[in-house]
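Reader: I'm new to reading protein structures. Could we go through this one together, a bit at a time?

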Amino acid sequence: MIPVEAALAKILTALTPLGAEEVSVEAALGRVLAEDVAARVTQPPKPVSAMDGYAVKAADVAIVPATLTVIGEAPAGRGFQGMVESGQAVRIFTGAPLPRGADAIVIQEDTERDGDAVIVKEAATAGRHVRRAGLDFRTGDSGIPAGQRLSPADIALAAAMNLATLNVCKRPVIAWVGWMFFWHGVIEEGFKPRSVPLQAGETLTYEDIVRRCGEEPDMVLYLDRSLPPPFIGLESFPCPTCFYCVDSHIHSWYPAYAQAFDLCAVSLRDHMPRFLGQLGEEQIFWLPPSMKEPEKTPPSPESAKEHDLLFVGNV
């Protein structure tokens, strides 16, 4: 047996990247990013208010209380088109662009409105409660690194960076023949399994597998059915092949058939020596079975029993 790290290195060195494909941002959730992405816009594009309150000149409110004339309003998304002069203020809301001439925001809780005037009760310094242009990112800034599995937060960031599509790694297609061990786990890890229907006593060529998958697979996986592998011309398949042996404690013929596959996974670790007698160390690995299923509704409690005892025989 070799360490897990060494086994993983052997597997990875034998693999060839599948390349990338372009998908929409909303379809990229859970996929692996194929290349670094950079922002196509600056966010925020200009200084904006971080709070509801009043846009002012910091010099006007260095000494408080200070009374200023309210000359207009800056709602979020539209802004105020005029210029703030000394002694003036603009009512502003979170997200609105900072008016020209203003350099600070006084939050509304620190003010008192009196008609067209506002009394500022707390001093503010330049830049107070202002989100400067490019605070989140600027055009060309690196956003998400290649190789990262995209989370909901990554998708939101990509959309904010004005990216409509992303280049992601292609999902390996697995032609899946046999039992459904670890099927759901494989999907969660980014693979694309394709179930290959198989009737009792039926055999499959590579062309049969492609036809039933609907596309060419990147791997053919045969999972223990307690039957000999049903493939014709397996040694000449153009993609890697793998045999997953679960019932090796029942079938002594497994190691012989496993020799035709590129890889062999064995579920029972104490049976590994028997396989190693006919396969090389680089061809075999231990893989405990998993039957992970989607979350299901817990079963309802059993109904109350009518009897506590059951007598069998003569009483």
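Reader: Let's start with a pairing. Which residue in S7 is the bridge partner of Gly53?

Author: Keep in mind that this is a predicted model. Strand S4 covers residues 53-56 and strand S7 covers residues 104-107. The two pair in the antiparallel sense, over four bridges. In S7, the partner of Gly53 is Ile107.

Reader: And which residue in S6 is the bridge partner of Ala55?

Author: S4 is also joined to strand S6, residues 88-92, by three bridges, and these two run antiparallel. Within S6, Ala55 has as its bridge partner Val90.

Reader: Which strands stand at the edges of the open sheet of six strands?

Author: The order in that sheet is S14-S13-S15-S16-S17-S18, with parallel pairing. A strand at the edge has a single partner strand, so one side of it is left without a neighbour in the sheet.

Reader: Which residue in S14 is the bridge partner of Ala175?

Author: Strand S13, residues 173-178, pairs with S14 in the parallel sense over four bridges. One of the residues in this pairing is Ala175, and its partner in S14 is Arg194.

Reader: Now a loop. Is Arg31 buried or exposed?

Author: Arg31 has its place in the loop between strand S1 (20-24) and strand S2 (37-38). Leaving out residues up to four places away in sequence, Arg31 touches several others, among them Glu21, Gln148 and Leu150. Buried means under 20% relative accessible area. Arg31 has 13% relative accessibility, so the word for Arg31 is buried.

Reader: Which residue's backbone oxygen does the side chain of Arg31 reach?

Author: Val168, Cys169 and Lys170 are among the residues that Arg31 touches. The side chain of Arg31 reaches a backbone oxygen at 3.0 Å, and that oxygen belongs to Cys169.

Reader: How many disulfides does the count come to?

Author: A disulfide needs two cysteine sulfur atoms within 2.5 Å. By this rule the count comes to zero. Take Cys239, which is in no disulfide: the nearest cysteine sulfur, in Cys213, is 9.1 Å away. For Cys242, the closest cysteine sulfur is in Cys264 at 7.0 Å, too far for a bond, and the total is zero disulfides.

Reader: What relative accessible area does Cys242 have?

Author: Cys239 counts as buried because its relative accessibility is 7%. Cys242 is buried as well, with a relative accessible area of 6%.

Notes
Residues numbered from 1 in each chain as written. Predicted model: local features only at pLDDT ≥ 70, side-chain atom pairs only at ≥ 80, totals over all residues. Heavy atoms only, no water. Buried < 20%, exposed > 50% of the residue type's maximum accessible area, 1.4 Å probe, protein only. Polar contact = N/O pair within 3.5 Å; in protein donor to acceptor, adjacent residues only side chain to side chain. Contact = heavy atoms within 4.5 Å. Pairing = 2+ DSSP bridges.
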